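Have the structure open and follow along.

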Amino acid sequence: MKKTAIIYSYRSVKTRQQVQKIIHQFGDDPIEQLDADSVTGDAIMPYTNLILAVPTWFDGELPNYWDELLPDLEERNFKGKKVAIFGGGNQRDYPENFVDGIGIMAQFMEQRGAKLVGFTSTEGYSFESSRAVRGNEFMGLAIDVENQSALTDSRIEKWVLSLKIAFDSKK
Ligand SMILES: Cc1cc2nc3c(=O)[nH]c(=O)nc-3n(C[C@H](O)[C@H](O)[C@H](O)COP(=O)(O)O)c2cc1C
């Protein structure tokens, strides 16, 4: 597998647990961890595959650490890179903005040439609207530990299997 990094806030407890599960599912494939609170654009650009942890905060917004990192990525070219996005959300308390952060990040990366991978079905979730949806899929993996924690492990397992294929594919 090409050089792969997972970027997340080390301070974020729920996200950190999900990240450990994702890394575990990748098995022997090495995934480097980068702290979204301190990483720079220069440190991110050498990776071909990026897995971005983007929980949604503030009624449909990115967490502060992503807002602070994005200006450093704004002028960069992500062509040739594959980007997979996942993130926590709460479909019961925020049904109108469910996992919007995934959609915000997907748009940002796509506009800069990245190929998005790891889309998942919206089946099994219940919400009103989400910026993360394209067609009948999320543009990444939505994780809802507040309402559907029992589904998290199997969702991650399935997602990582799809990422292994997507990261290996020539397309
Ligand atoms: C103040 C606040 C605002 C939130 N806003 C949203 C939201 O707009 N949409 C959503 O899907 N989830 C929202 N959530 C739920 C979080 O995304 C969810 O709890 C997630 O697991 C947080 O992960 P983290 O603690 O690792 O950052 C919000 C949570 C809090 C505490």
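## About the model

This is a predicted model, where local features need pLDDT of at least 70, side-chain atom pairs count only at pLDDT 80 or more, and totals for chains, interfaces and linings use all residues. Residues are numbered from 1 along each chain as its sequence is written, and side-chain values use heavy atoms, with hydrogens and water left out.

## Salt bridges

Side chains of opposite charge can pair when their charged atoms come close. Here, a salt bridge means a side-chain nitrogen of Lys or Arg within 4 Å of a carboxyl oxygen of Asp or Glu. Searching the whole structure turns up eight salt bridges.

Take Asp37 and Arg11: their closest N and O atoms are 2.8 Å apart. This pair links distant parts of the chain, 26 residues apart, with Asp37 in the loop between strand E2 (32–35) and helix H2 (41–44), and Arg11 in the loop between strand E1 (4–8) and helix H1 (13–26). Helices (H or I, at least four residues) and strands (E, at least two) are DSSP runs, numbered from the N terminus. Buried means under 20% relative accessible area, exposed over 50%, and partly exposed in between (1.4 Å probe, protein chains only). Asp37 is partly exposed because its relative accessibility is 29%, while Arg11 counts as exposed at 65%.

Another salt bridge joins the side chains of Arg76 and Asp42 (3.0 Å, N to O). The two sit 34 residues apart, Arg76 in the loop between H3 and strand E4 (82–88) and Asp42 in helix H2. Arg76 is partly exposed at 21%, whereas Asp42 is exposed at 57%.

Arg92 also pairs up, with Asp93, at 3.4 Å between the closest N and O atoms.

## A negative patch

Asp59, Glu61, Asp67 and Glu68 gather in a surface patch of negative charge. Patch members have over 30% relative accessible area and no salt bridge, and like charges are joined within 9 Å. Asp67 belongs to helix H3 (residues 64–73) and is partly exposed, at 42%.

## A hidden residue

Is Asn49 buried or exposed? Asn49 counts as buried because its relative accessibility is 1%. Asn49 lies in strand E3 (residues 49–53). Leaving aside residues up to four places away in sequence, Asn49 touches Met1, Lys2, Lys3, Thr4, Ala5, Lys82 and Phe167, where contact means heavy atoms within 4.5 Å.

How values were computed:
Patches are made of residues with over 30% relative accessible area and no salt bridge: like charges are joined within 9 Å, nonpolar side chains (Val, Leu, Ile, Met, Phe, Trp, Tyr) within 5 Å. Accessible areas come from the Shrake-Rupley method with a 1.4 Å probe; for residues, only the protein chains shown count as cover. Lys and Arg count as positive and Asp and Glu as negative; His and the chain ends are not counted. The place of a charge is taken as NZ of Lys, CZ of Arg, CG of Asp or CD of Glu.
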